[in-house]
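Please find below my notes on the model under review.

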Amino acid sequence: MKPVFSSEQRFRPGMHVFVNRAYEAFSIPLHSHDAIEISFVVEGSGYQYINGDTVVRVKRGDIYLLPIGTSHVYRPPSPEKSRTLGIINCVFRPQALEAAGSFPPPDSLLHRALFTPEQMPQPWFHHYDTDSAFTELFQTMLAEYRQRQPGYEPVVHALFIQLIAKLHRSTLITEPSGTKGSGKIEEAIRFITRHCHEPITLKQVAEYSFLSESHLQRLFRQATGTTFISYLQNLRIHKSCELLKATGMTVQQIAGAVGYQDMKHFHALFRQRTGTTPQEYRKNGDPVTAVSDFISQLP
């Protein structure tokens, strides 16, 4: 039987919000809460198991809202890696929303996530903090809760209402006509740019973007005019060109730094994309035309 984390054991007298920061570990069991939980991944990456049958990859910037009774647990990448997945948890009772009146609006996505999760496509709400707009808010709320300065209780509750308002606003952002899915592609491209030196796959990017592989590939081609593989190769060659000009690293070191261990493949791809060899490109004082062409298409 899954344990239920009781709010009575955690909430301070007179408060309807509980805030803490924790490093997730394999010693924590799958559990549920008798209150609503908002968790913010502030450090590292790993996995979250939800309701026993769903596993989602999580990374820094992910925000999850889980309704009352939802079972879940976070896990770091492996049992051997400790203190690699840091979470700020904000657990609250529905009474914490009373100060906001009829907010969020009854017909809103966030209201459904809070009170009628059975109407949601999945029993949770997710938002990715693309521009770190939530980081300071979560950290300030945690600091107020920990330090217990005079008057901290209304401050914590006020920050909580601000958090709910910002999450509601995040659901109202609409994309211009003709660019449906562009937000997802921008997020996917940022992920690829950060991890292009790693052996990433279309499947990993699709999971990160909460899209199917076929849908991501379709949107990707519409947005960039090329495929995921071609875009990744162009980006890696672009970065290798930068390293050839700016560093004294060997060609083999540069190939490894941008994600290639097979030197024959790297040389063939470099020549295909630039029309020259890495050594010739390093000696050339000006970027070759082929490189300039595809660099201009990168974000």
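**Notes on the predicted model**

1. The second largest pocket has a lining of 15 residues, and those nearest its centre are Ser45, Arg57, Phe191, His195 and Glu198. A pocket here is an open set of points on a 1 Å grid over the protein atoms alone, where a 1.4 Å probe fits, with protein on both sides within 12 Å along at least five of seven lines; lining residues have an atom within 4 Å of a point. Two or more lining residues come from each of strand S4 (36-50), strand S5 (54-59), helix H4 (182-195) and helix H5 (202-209). Helices (H or I, at least four residues) and strands (E, at least two) are DSSP runs numbered from the N terminus.

2. The volume of the second largest pocket is about 360 Å³, taken as the space filled by probe spheres set on the points, with grid points joined across faces, edges and corners. Its lining comprises seven nonpolar, four polar and four charged residues. Nonpolar covers Ala, Val, Leu, Ile, Met, Phe, Trp, Tyr, Cys and Pro; charged covers Asp, Glu, Lys and Arg; the others, Gly among them, are polar.

3. On provenance, this is a predicted model, in which local features need pLDDT of at least 70 and side-chain atom pairs count only at pLDDT 80 or more, whereas totals for chains, interfaces and linings use all residues. Residues are numbered from 1 along each chain as its sequence is written, and side-chain values use heavy atoms, with hydrogens and water left out.

4. The protein has eleven helices and nine strands. Of its 299 residues, 44% count as buried, where buried means under 20% relative accessible area, exposed over 50%, and partly exposed in between (1.4 Å probe, protein chains only). Among contacts (heavy atoms within 4.5 Å) between residues at least 6 apart in sequence, 68% join residues at least 24 apart.

5. Asp62 belongs to strand S6 (residues 62-66) and is buried, because its relative accessibility is 0%. Its side chain makes a polar contact of 2.7 Å with the side chain of His126. A polar atom of the Asp62 side chain also lies 2.9 Å from the backbone nitrogen of Lys59. A polar contact is a pair of N or O atoms within 3.5 Å; within protein, one must be able to donate a hydrogen and the other to accept it, and residues adjacent in sequence count only if both atoms are side-chain atoms. Beyond neighbours within four places in sequence, the contacts of Asp62 include Arg57, His127 and Tyr128.

6. The whole structure holds eleven aromatic pairs. Rings of Phe, Tyr and Trp (its six-membered ring) pair if their centres lie within 6.5 Å; planes under 30 degrees apart count as stacked, over 60 as edge-to-face and the rest as tilted. Tyr260 and Phe266 form a tilted pair, 6.0 Å centre to centre with 40° between the planes. Phe270 and Tyr281 form an edge-to-face pair, 6.0 Å centre to centre with 70° between the planes. Phe270 is in helix H9 (residues 263-274) and Tyr281 in helix H10 (residues 278-283), so this pair ties together parts eleven residues apart in sequence. Ring pairs link Tyr260, Phe266, Phe270 and Tyr281 into a cluster. Phe266 is buried at 0% relative accessibility, as is Phe270 at 0%; Tyr260 is buried at 7% and Tyr281 at 4%.

7. His16 sits in the loop between strand S1 (4-5) and strand S2 (17-23) and is partly exposed, with a relative accessible area of 25%. His16 and Val91 are 75 residues apart in sequence and 8.4 Å apart in space, C-alpha to C-alpha.
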